[in-house]
Amino acid sequence: MLKLLKYLKPVEWAQAAAVFVLALAQIWLDYTLPDFMARITRLVQTPGTPVSEIWRPGVYMILFALGSLACVIAISFFASRVSAALAARLRGMVYDKVAAFTQEDIGRFTSSSLITRSTNDITQVQTLTMAGLQMLLKVPILVVGGIIKISGMNYRWTLATAASIMLIAIVVTIVMRVVLPEFRKMQPLVDRQNLTIRESLTGRSIVRAYNAEGYQTAKSESANEAFTSTDLKTNRTMVAMSPFNSIATNGLNIAVYIIGAYLIKAAAGTGNALTVFSDIVVFSSYVGVLMSAVKFTTKVLPRIPRASVSAGRINEVLATEPSVKDGTVEEGDAGADAVIAVNNLSFRYPGAADDVLKDISFTVRRGETVAFIGSTGSGKSTLMSLLMRFYDISEGEILIQGVNVKQYVKRKMYNRIGYTPQRSVLFRGTVRSNVAYGDNGKGGYSDEDVGRALRTAQAEGFVESLEDGYAAAIAQGGSNFSGGQRQRLCIARAVCRQPEILIFDDSFSALDYKTERDLRGAMNSAAQGAAQGAAQGAAQGITQGAAQGAAQGVTKLIVAQRISSIMDADKIIVLDDGRIAGQGVHSELLKECGVYREIAQSQLSEEELGGRRHGEDEQ
Amino acid sequence: MSNNQSNNENEAKRLEGVAMGISHFGALPEDVGNYSSTWRKLIAYCKNHLAGIIIAVVFTIAGNVLQVISPGWMSALVDEVKIGLTGSLNISAVWRIAVILILLFACSALLGFLQNFIMATITARISRSMRSAILHKINRLPLKFFDRVSIGDIISRVTNDVDTIGQTLNQNIGMLISSITLFVGAILMMFLTNWILSLVAIAMSMFGFLSSKAVMSRSKKYFRAQQSGIGAVNGHIEEVYSGHDIVASYNNIEAAKSEFDDMNGKLYNAAWKASFVSGFITPLMNFSGSLAYVAICVGGAILAMRETISFGVIVAFILYVNQFTQALTHIAETVPGLQSTTAASERVFELLGEEELPDESAKTQALTGVKGDISFRNVRFGYSKDKTVIHDFSADIKAGQKVAIVGPTGAGKTTIVNLIMRFYEPDGGDITIDGVPISSIARSGVHSQFGMVLQDTWLFEGTIKENIIYNKRGVTDEDVDRVFKAVGLDHYISTLPLGRDTMLDSRLSLSEGQKQLLTIARAMIQNAPMLILDEATSSVDTRTEALIQGAMDKLMAGRTSFVIAHRLSTIRNADVILVLNEGDVIESGTHEGLLASKGFYAELYNSQFSNL
């Protein structure tokens with residue numbers, strides 16, 4: 001928890017210091033108040049005191065009380081601002097950190113845990129900071145002030161006070177000993193409950209189809225039981241503190257009078273009895289103020305365990321260095337013929353026993369369409385995420401336009417790439433905000449760009465049939481669209497970037513053959529169109545390199561399951577168990593690559609394969 | 001005609017229900033009618049613990065009565081000590097009163113402890129049974145319900161809302177009861193002791209109460225702004241974190257950050273104001289306590305000098321005023337707490353009050369020895385009024401046939417499965433198994449006839465074996481191993497350190513295809529008379545699929561099975577292919593027959609070979 005305080009700025013430290021000064025003032029006022037009470041007591045006991053004499057200390061008391069009120073409100077003002085500012089800053093820092101993370105880093109925490117850490121955990125810290133400034137900070141002042149105030153008085157009272165504070169301290173220590181480990185168990189138990197319910201809800205169709213409602217409920221119920229028993233244990237133990245507090249406080253009050261009684265008896269006849277009596281009254285008032293320290297402590301203490309667990313979770317995120325570091329090179333060699341070159345690449349996931357990809361080398365030339373095919377788990381998607389630098393490779397190198405991806409400023413590299421992942425990710429917003437998403441370094445997208453992208457992605461039809469067209473709302477995750485529609489919107493988003501390189505990681509799987517064929521056709525002609533457009537742009541003075549790049553067309557990398565999607569590719573790379581099993585065009589691979597032939601045969605009959613080849617021969 | 005009309009009526013009623021559901025779910029608790037009905041439900045919920053609650057209330061009242069009498073004894077103690085100022089002090093009398101006081105405080109503390117202990121126990125149990133009620137409720141809700149409510153929202157009701165209810169009830173109900181007792185008791189005792197000082201004290205304390213009430217009514221808007229601020233930040237973060245790949249690779253991090261900064265700034269503003277304003281209550285109450293204190297001192301002193309009251313009365317009054325203002329402070333503090341109890345309870349009871357699936361305990365007709373003839377007669381269905389997905393679907397499927405359902409996205413393929421499984425009820429027409437309408441069979445009876453594998457692989461956190469066996473009883477390890485072999489996972493599983501007992505969690509990174517193979521294995525273990533495969537192999541590559549085809553064929557042999565797939569290689573050997581387009585069967589037949597007729601299917605099929 002204390003580690004997080006270093007993120008406070010000087011302004012906030014100044015405010016915290018102000019809180020301290022105000023607390024000093026307020027407590028001084030609170031402790032001085034009983035002095036007026038003493039004066040009144042003495043006046044009342046002195047025969048013949050005029051009433052006007054009593055009014056004066058009364059007015060002072062009200063002024064002091066007002067001063068105390070003003071201090072408390074000012075404390076609350078600064079404390080609120082400091083704690084809210086700390087929370088806002090931590091939220092921003094965690095957010096920035098996560099933004100700089102890679103898939104690997106996020107996976108280590110899981111994104112749902114990162115969300116909790118950015119919100120819930122920070123709220124816990126905010127609440128404790130607030131309570132700390134508002135209450136805990138006052139405890140030492142109250143104790144020290146109380147000691148100063150009572151030190152001039154009889155030591156027996158001081159002893160009684162010390163005894164009562166000791167009693168409370170012992171009880172609090174014991175309770176905390178019992179409760180702390182239980183509080184630590186709490187958060188994981190909440191996680192467990194969430195997990196089992198989420199499970200039942202996401203798998204609801206399967207759960208019902210297997211008549212497994214009881215099975216799932218039993219799991220959730222056992223999580224419920226475990227949580228309830230921990231909850232009971234902590235609550236019951238915390239409850240045990242209150243009677244001791246009340247006995248200690250009230251007992252002290254009585255003790256003050258009993259001790260006072262003996263003192264008065266001893267002082268009888270010396271004329272000091274009145275002083276002793278007014279001391280009793282004042283002392284019990286001091287005790288009242290002092291004991292508010294106990295109230296504060298018991299109010300704040302229960303928050304500490306949860307907040308410190310939360311603070312630890314936040315620190316863990318802030319202390320994690322993103323596993324991929326940004327480079328410094330901004331521009332590649334735009335004229336290079338090999339747009340992508342992969343040399344002797346090997347990669348294994350952190351903590352894994354085996355390489356996922358081994359000894360991969362290939363080159364992609366400008367304007368080529370290169371396809372990747374292979375069994376489930378052969379490493380196709382991994383290869384694409386390495387090109388995108390979501391992970392850093394263990395061996396070998398990846399060059400994009402002649403520059404190692406590790407040396408690129410990621411932002412500049414991404415300007416050249418349009419990437420579509422396996423899973424269709426859409427954001428809450430509109431069709432337009434999703435397609436014209438992000439920034440490609442060329443300054444925004446026009447409606448024409450969006451329209452062109454939708455047309456290419458075969459999404460224009462269904463988007464236009466929507467009531468609001470481009471402004472139609474998209475729900476979180478795109479859940480108001482079908483799987484195929486979502487995929488097409490994601491493809492449109494990639495196309496809209498007008499990138500030099502398009503990467504499709506199995507992004508056609510939810511499309512039927514017909515739509516897919518139309519899409520690929522549109523993409524090819526769009527690339528040609530773009531090339532012409534860029535050539536015209538070049539005439540108007542756009543850099544020669546870029547124009548040349550565009551003129552030679554967009555480079556496409558396609559990961560696919562269906563042979564039909566990739567038969568026409570300029571190059572097909574067959575992956576098998578993390579190694580390249582063959583490279584070449586369809587007809588070559590069919591003859592030379594066993595793995596490819598097996599894949600092809602599993603999808604097309606001999607006759608179709610033959611027919612197809614025959615058809616090709618005819619051309 | 002008449003049939004049509006009644007259908008329309010049903011449709012209208014159903015939609016009315018849907019519309020009402022939507023408008024109610026997620027509505028904010030605003031009106032007083034809701035407020036009191038929510039509390040009625042909450043109180044009804046506490047009925048099981050009535051005895052405990054009554055005991056707790058009695059203890060609270062008793063404890064506070066003891067507290068309220070104690071200042072009287074305190075006053076006696078002071079007066080006894082004060083005798084020492086003028087005469088001889090009777091130490092044994094002082095001790096006698098002190099012992100009585102100590103007993104009073106000890107009993108009151110004990111009663112308070114018992115009350116808190118009982119309340120803590122009861123609220124924990126109430127929370128548990130609420131959670132449990134929701135867990136069971138989830139099973140009785142129609143799947144339709146989940147189309148309009150987010151999972152996060154339901155989970156939040158189980159955890160956050162129930163937690164809030166538990167905590168606020170525990171803290172506030174006890175406090176409210178004891179505060180009210182203390183409040184009434186203190187006023188009573190004050191008036192019994194001295195009415196002038198009582199009026200003075202109450203007047204002073206009311207100042208604080210009224211001014212903090214005024215502050216509270218203002219703070220509401222900041223609290224609301226804070227809650228919605230947290231909601232906005234949460235939503236934004238959730239999207240950015242889970243779609244991180246896209247946000248990063250489309251260079252949208254800066255834009256998203258500025259959006260976030262905006263929300264975060266708004267949240268900061270609302271948060272400090274809410275916290276600041278709510279911090280007013282206690283100091284205001286304390287101040288009015290001080291005011292009352294001064295008034296008692298001065299007023300009391302005047303009265304004491306006139307010898308109307310003894311000095312002990314002043315001390316007693318200071319304690320009464322303390323109790324009185326403390327009670328008022330607590331009452332003021334419970335208001336926001338109980339408001340959040342109401343808001344949370346309302347969300348919980350709203351979920352618990354959702355319309356359930358009709359009770360089917362009367363449907364005793366069971367399917368035994370099913371052959372597997374399935375017929376669809378003029379089935380009509382839509383997920384919502386404005387969009388009919390299935391218009392008029394009829395088909396006869398003979399026992400043991402492998403039926404493939406193909407068609408473009410949005411044609412209604414998965415909907416057919418949802419209807420066979422009775423996940424949704426058709427708006428018209430009926431579906432029969434061996435001539436028995438499925439609407440006359442209990443849902444669980446229908447489900448037990450089918451093994452089902454879906455495109456969205458669903459695995460839970462548990463061992464591989466647990467995931468495969470699931471809720472089936474009497475499955476041996478040999479059965480499990482046999483199934484692994486059939487789906488070709490035996491080698492992979494043998495390389496895992498704990499084999500089939502390896503935990504499936506985020507550390508074990510299974511590919512989507514491997515997950516699908518596991519769910520197919522689960523269906524094999526289930527060994528149901530019929531089978532539904534909805535894009536079950538879409539993420540398995542075709543070569544692996546070909547390898548496990550044998551096992552799949554064995555699984556489907558002699559069983560009526562429904563296969564939905566885009567991949568035509570998966571469906572080529574089906575006995576019947578139903579071609580769906582826009583909710584209607586437009587063609588049906590075998591692969592060869594359909595190709596020969598050169599219709600929609602042929603076009604769909606040939607598109608994979610067309611040259612570009």
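Helices (H or I, at least four residues) and strands (E, at least two) are DSSP runs, numbered from the N terminus. Axes are lines fitted to C-alpha atoms, for helices over the stretch in contact, and angles run from 0 to 180 degrees between N-to-C directions. The model is a predicted one, in which local features need pLDDT of at least 70 and side-chain atom pairs count only at pLDDT 80 or more, while totals for chains, interfaces and linings use all residues. Residues are numbered from 1 along each chain as its sequence is written, and chains are lettered from A and ligands numbered from 1 in the order in which they are written.

We begin with a pair of helices in chain A. Helix H8 (residues 155–202) of chain A packs against helix H12 (residues 273–300) of chain A at an angle of about 15°, and their axes are 12 Å apart. H8(A) and H12(A) are therefore roughly parallel to each other (angles under 35 degrees count as roughly parallel, over 145 as roughly antiparallel, 65 to 115 as roughly perpendicular and the rest as oblique). On the side of H8(A), the contact is made by Trp157(A), Thr161(A), Ile168(A) and Val172(A); H12(A) contributes residues including Phe283(A) and Val287(A). Two residues are in contact if their C-beta atoms, placed from the backbone, lie within 7 Å. By class, this contact of H8(A) with H12(A) holds six nonpolar, three polar and no charged residues. Here Ala, Val, Leu, Ile, Met, Phe, Trp, Tyr, Cys and Pro count as nonpolar, Asp, Glu, Lys and Arg as charged, and the others, Gly among them, as polar.

A second pair of helices lies in chain B. Helix H10 (residues 281–305) of chain B and helix H11 (residues 311–352) of chain B pack at an angle of about 160°, with axes 9 Å apart. That makes H10(B) roughly antiparallel to H11(B). Among the residues that meet are Gly289(B) and Ala292(B) of H10(B) and Val321(B) and Leu328(B) of H11(B). The contact of H10(B) with H11(B) divides into 15 nonpolar, six polar and one charged.

Chain B also has a sheet. Six strands form this open sheet in the order S6-S9-S10-S3-S11-S12 (chain B), with mixed pairing. Its edge strands are S6 (450–454) and S12 (584–589) of chain B, each of which pairs on one side only; two strands pair if DSSP finds at least two bridges between them. Neighbouring strands of the sheet are turned by 15° against each other on average, direction ignored. S6(B) pairs with strand S9 (residues 530–534) of chain B in the parallel sense over five bridges, and Leu454(B) has Asp534(B) in S9(B) as its bridge partner. Helix H17 (residues 512–526) of chain B packs on the sheet, touching S6 and S9 of chain B, and its direction makes about 180° with that of S6(B).

How many residues does each chain give to the contact between the chains? Chain A gives 131 residues and chain B gives 120 residues. On the side of chain A that touches chain B, helix H3 (residues 51–100) of chain A gives the most, with 24 residues.

Finally, confidence can be read from pLDDT, the predictor's confidence in each residue, from 0 to 100. The mean pLDDT of chain A is 83, and 92% of its residues reach 70 or more. In chain A, confidence is lowest in helix H21 (residues 544–551), at a mean of 39. Over residues 533–552 of chain A, pLDDT stays under 50.
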